[in-house]
Amino acid sequence: MNSDEKQAHTCSVCGNESMGQGERKSHHDEKTIKELTTRMNRIEGQVRGIKGMIERHVYCDDILNQISSAQSALDGAARLLLEKHMKSCVKERLQGGEDQVVDEVLKTIFRMIR
């Protein structure tokens, strides 16, 4: 598709314009972005802490417990993002007649539950 064939899409949620599939953007409000960023910062700190535990030769079971905690935190962030995605991006695309979004979301969910 050349630049003349691209259609601009305006999000009804945030009002942002995007050009085609290559430049898709989320429609999340600042509160959601802040919450997700805060969670990611906390998880990043957890992962750095786990790395430090490994370097200090901390007992394996203690490290495994921290890894499990970090995985749970990532799962929580993914669930929040999936919820927001379904309530904004997916809903909007379905209302616009883009039924293929269902297949996209199903692939994502199946990847998440492996």
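Reading from the N terminus, the elements of this protein follow the order β-β-α-α-α. Please keep in mind throughout that the model is a predicted one. In total, the protein holds 3 helices and 2 strands.

The protein has 114 residues, and 19% of them are buried. Its accessible surface amounts to about 8800 Å², and carbon and sulfur atoms account for 52% of that area. As for contacts between residues at least 6 apart in sequence, 49% of them join residues at least 24 apart.

I now come to the charged side chains. How many salt bridges does the model contain? The count is 6, and I shall discuss some of them here.

Let us begin within helix H1, which spans residues 30-55. Here glutamate 44 and arginine 48 form a salt bridge through their side chains, with an N to O distance of 3.4 Å. The two residues are 4 apart, about one turn of the helix. How accessible are these partners? Glutamate 44 is partly exposed, at a relative accessible area of 44%, while arginine 48 is exposed, at 53%.

Glutamate 98 is itself partly exposed, with a relative accessible area of 28%.

Arginine 93 also meets glutamate 104 in a salt bridge, at 3.3 Å from N to O. This pair links distant parts of the chain, 11 residues apart: arginine 93 belongs to helix H2 (residues 60-95), and glutamate 104 to helix H3 (residues 101-112). Glutamate 104 is partly exposed, at 26% relative accessibility. Taken together, Arg93, Glu98 and Glu104 are linked in a network of salt bridges.

Let me turn to the cysteines. In general terms, a disulfide is a covalent bond between the sulfur atoms of two cysteines. How many disulfides are present in this model? The count is 0. Cysteine 60 is exposed, with 55% relative accessibility, whereas cysteine 89 is buried, with 7%.

My last point concerns the backbone. Most residues other than glycine have a negative phi. Against that background, histidine 57 deserves a look: its phi is near 60°, a positive value in a residue other than glycine. Where does histidine 57 lie? Histidine 57 is placed in the loop between H1 and H2. With a relative accessibility of 71%, histidine 57 counts as exposed.

To close, I would recall two items. Within H1, glutamate 44 and arginine 48 are paired in a salt bridge. Across H2 and H3, arginine 93 is paired with glutamate 104. Thank you for your attention.

Terms used:
Residues are numbered from 1 along each chain as its sequence is written. This is a predicted model: local features need pLDDT of at least 70, side-chain atom pairs count only at pLDDT 80 or more; totals for chains, interfaces and linings use all residues. Side-chain values use heavy atoms; hydrogens and water are left out. A salt bridge is a side-chain nitrogen of Lys or Arg within 4 Å of a carboxyl oxygen of Asp or Glu. Buried means under 20% relative accessible area, exposed over 50%, partly exposed in between (1.4 Å probe, protein chains only). A disulfide is a pair of cysteine sulfur atoms within 2.5 Å. Contact means heavy atoms within 4.5 Å. Accessible areas come from the Shrake-Rupley method with a 1.4 Å probe; for residues, only the protein chains shown count as cover.
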